[in-house]
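Biologist: I am new to this structure. Please give me a close look at one part, and show me what surrounds it.

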Amino acid sequence: MKIAIVSSFVPFVYGGARYIADWLAQKLLEHGHQVERFYLPFVDRTDDLFDQILAFRLIDLSSACDRLIALRPPAHVLPHPNKVLWFIHHIRGFYDLWDTPYRMAPDNPSGRAIRACLIELDTRTIREARRVFTNSQVVAKRLLNYNGIPATPLYPPILSPERFHNDGYGDEIVVICRIELHKRQWLLVEAMRYVETAVKLRLCGTSMNSANIDAIRATITRHSLQSKVILEDRWISEQEKIERLASALAVAYVPQDEDSYGYCSLEAAHADKAVLTTDDSGGVLELVSNEINGLVVPPDPRALADAMDRLFVDRSRTAAMGEANKSRLQQLGVDWDTVVRALTS
Amino acid sequence: MNVLVINNAAPFIRGGAEELADELVRRLNATKGITAELLRVPFRWEPAECIAEQILLNRSLQLYQVDRVIGLKFPAYLIPHSCKVLWLLHQFRQAYDLYESGLSHLRGHKAGERIAQLIRNADNQCFRECRAIYTLSSVTQSRLRKFNGFDSTVLTQPLVDGELFTGGEYGDYVFAGGRVGPGKRQHLLVEAMRYAKTPFKLVVAGPPDEAAYTGRLEKLVAKYDLGDRVELRLGFHSRHAIAKLVNHALACAYLPIDEDSLGYVTMEAFCAGKAVIAAEDSGGVLELVHDAETGFIAPADPENLAERLERLVSDRSKTIAMGLAAKSLLNTKNLSWDATVDRLLSS
């Protein structure tokens, strides 16, 4: 089958959304399909929101391929008679983040009209799809709540998970993801003020906005945390990632109401590491259960500090939770055969 | 600096333009301080009326985090950006020379003239806003001048794998590479071999355009009993195999009819320090091959070619000197990826 995978991207910003398309393309090829993958630029900006969406709508691959798999918004607006969605999030500033500081337009008649129009447009174009999958329960619920469309979670695996391994449990709690406000690395740095053990925190990642990095660096300096917090503000290589995870004590991933469990949680599981997360982290909680394969605490520096100390002190417990993390993936059906079957049937 | 290379894409089809775009991104990424990515926008040109939508869609896309854009093809290069450079592979010829010659699909369309005008307007507006316009060949350059009134600089595509053409010992054969067909006239070389008295070999290697031409060459070899002096290796060869044949040749021969560009075969030979025999009517090739300096230019007939081939073989030191001069000439043309990338980033 000739399959086109279409997703949106911000050039030069790398992250989970790119991997999902790249890896899916590779797996579909392995299953004997012809695959074209298109990333089209999209910026979350209200002024030209509809112009940009219009551009996506005008891209017509209906005679070029047998099936269209659309990922990141607004790729779902592309017309195609055989469209399947693996919907990974809404344009959230108009959906679940509307009543938060991340709202993308003012709450006035004009802003509300833009919001209503976007929701209407999304609903209509999502309904054109033959099947709608999401990357999590969280996103499936949102589709039902806001668009009235039922969807099935299809958990995205990582490529070649066997690359990851476990070299034992060191002193570092490792965070490998983009350094953005909503990923809340700053909360973990705050927590490091209150730890009472020799536990260390290692942050790896780049940011869309260098101010985020500056703020974290300033916090480290202000509270003299240089010996406890290691900041690697760059895009580390896959090999480095494997090594950081292999010797980690555990992994922390504490985003605010994230849509899905995050590749960093999966990578942790494949390296037999427990995940420390917060009770408002959204999709991460579909993977992590408190005291089973990680710790779930309130998004509060002192609570996080206490959890980090516990991970450090009770290592056998931490190791057991790390091992339980891997079996949790089988339970959820996080594997490529499941994904390919769903998206091509 | 973040550099975005923009190309259009016909889904599931790959050709020279795609190879060039990928190579450009690789070379940009190998440049200090540069991060490059390729953006491919699907393009559909049929039915003709959808071209208006294609223009609109590309103009509606927004770029963020991009410091510089290098646009390659219509209509993807219409995506707005304040720091845009074009390296035009070619224009959308359906609205230009093909329209004029009646070969465009817009000619038969009831709104064809208006669509062609729309394309030209969109192009002109984009060209005005560009920092610089480079064209891949002088043909594209003159079309751009003629139809749009814009000046441009020819920026020839460097060899993708120039590293392979290192040169080597000067052997006892003359090598004729490239596609094999009537347009490249390898048959003149084969025929020339019947007049050449000095002992040396001619090696012809490359993919044949048509089976009939292969037959013609084989018949010539048989007819003049040249089996031990002419080696025909017709078919696909790896780039490494071709480079090896060039690197160990005494010299090369390339006789295209009125070529648009310098010709890869010439560039590969020069890169390896080999003199080239070309014909008087070989077009762009003569920008590199200068008679008795970097090779020989002969009238396109077997007797004259034979005479030049004999001169190559009988005065080896002169042949080697011409080969080295060829290499330096190529270097002065700055046809390296470094120089090309430099041009595309500096304007």
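Modeller: In chain A, the domain assignment gives domain 1 (2-154) and domain 2 (161-332). Such bounds come from an automatic or database domain assignment. This is a predicted model: local features need pLDDT of at least 70, side-chain atom pairs count only at pLDDT 80 or more, and totals for chains, interfaces and linings use all residues. Residues are numbered from 1 along each chain as its sequence is written, while chains are lettered from A and ligands numbered from 1 in the order in which they are written.

Start with the two domains of chain A. Their centres, taken over C-alpha atoms, are 29 Å apart. Twelve residues of domain 1 and eleven residues of domain 2 make the contact. Two residues are in contact if their C-beta atoms, placed from the backbone, lie within 7 Å. On the domain 1 side, helix 1 (16-30) and helix 4 (137-147) of chain A each supply at least two residues. Helices (H or I, at least four residues) and strands (E, at least two) are DSSP runs, numbered from the N terminus. Helix 4 of chain A gives the most to that side, with three residues. By class, the domain 1 side has six nonpolar, six polar and no charged residues. Here Ala, Val, Leu, Ile, Met, Phe, Trp, Tyr, Cys and Pro count as nonpolar, Asp, Glu, Lys and Arg as charged, and the others, Gly among them, as polar.

Chain A also meets chain B. In that contact, 23 residues of chain A touch 21 residues of chain B. Strand 1 (2-9), strand 2 (34-41) and helix 2 (49-57) of chain A each supply at least two residues of the chain A side. Strand 2 of chain A gives the largest share, five residues. The chain A side has 16 nonpolar, two polar and five charged residues.

Two residues of chain A are worth a stop. His33(A) sits in the loop between helix 1 and strand 2 of chain A. His33(A) has 17 C-beta neighbours inside 10 Å, so it counts as partly exposed. A residue is buried if 20 or more other C-beta atoms lie within 10 Å of its own, exposed if 12 or fewer, and partly exposed in between, with C-beta atoms placed from the backbone. Beyond residues up to four places away in sequence, His33(A) touches Met1(A), Ile3(A) and Leu28(A).

Lys200(A) lies in strand 8 (residues 200-204) of chain A. Lys200(A) is buried, because 21 other C-beta atoms lie within 10 Å. Neighbours within four places in sequence aside, Lys200(A) is in contact with Asp171(A), Glu172(A), Lys228(A) and Ile230(A). Asp309(A) is 109 residues away along the chain, yet its C-alpha atom is 9.9 Å from that of Lys200(A).

Now chain B. Its assignment gives domain 1 (2-155) and domain 2 (162-332). The centres of these domains of chain B, over C-alpha atoms, are 35 Å apart. Chain B has twelve helices and twelve strands. Buried residues make up 45% of its 347 residues.

The part for a close look is a sheet in chain B. Six strands form an open sheet, in the order 9-8-7-10-11-12, and the pairing is parallel. Strand 9 (230-234) and strand 12 (295-298) of chain B are the edge strands, each pairing on one side only. From one strand to the next, the twist averages 20°. Two strands pair if DSSP finds at least two bridges between them. Strands of a sheet pair through backbone hydrogen bonds, either parallel or antiparallel.

Walk across the sheet. Strand 8 (residues 201-206) and strand 7 (residues 173-176) of chain B run parallel, joined by four bridges. Tyr173(B) stands opposite Lys201(B) of strand 8. Helix 8 (residues 239-247) of chain B lies across strand 7, strand 8 and strand 10 (251-253), running at about 160° to strand 8. Axes are lines fitted to C-alpha atoms, for helices over the stretch in contact, and angles run from 0 to 180 degrees between N-to-C directions.

Strand 10 and strand 11 of chain B are parallel too, with two bridges. Cys252(B) stands opposite Val276(B) of strand 11. Strand 11 (residues 276-279) of chain B is covered on both faces: Val276(B) and Ala278(B) are buried on one side, Ile277(B) and Ala279(B) on the other. Four bridges join strand 11 to strand 12 of chain B, again parallel. There Ala278(B) stands opposite Ile297(B).
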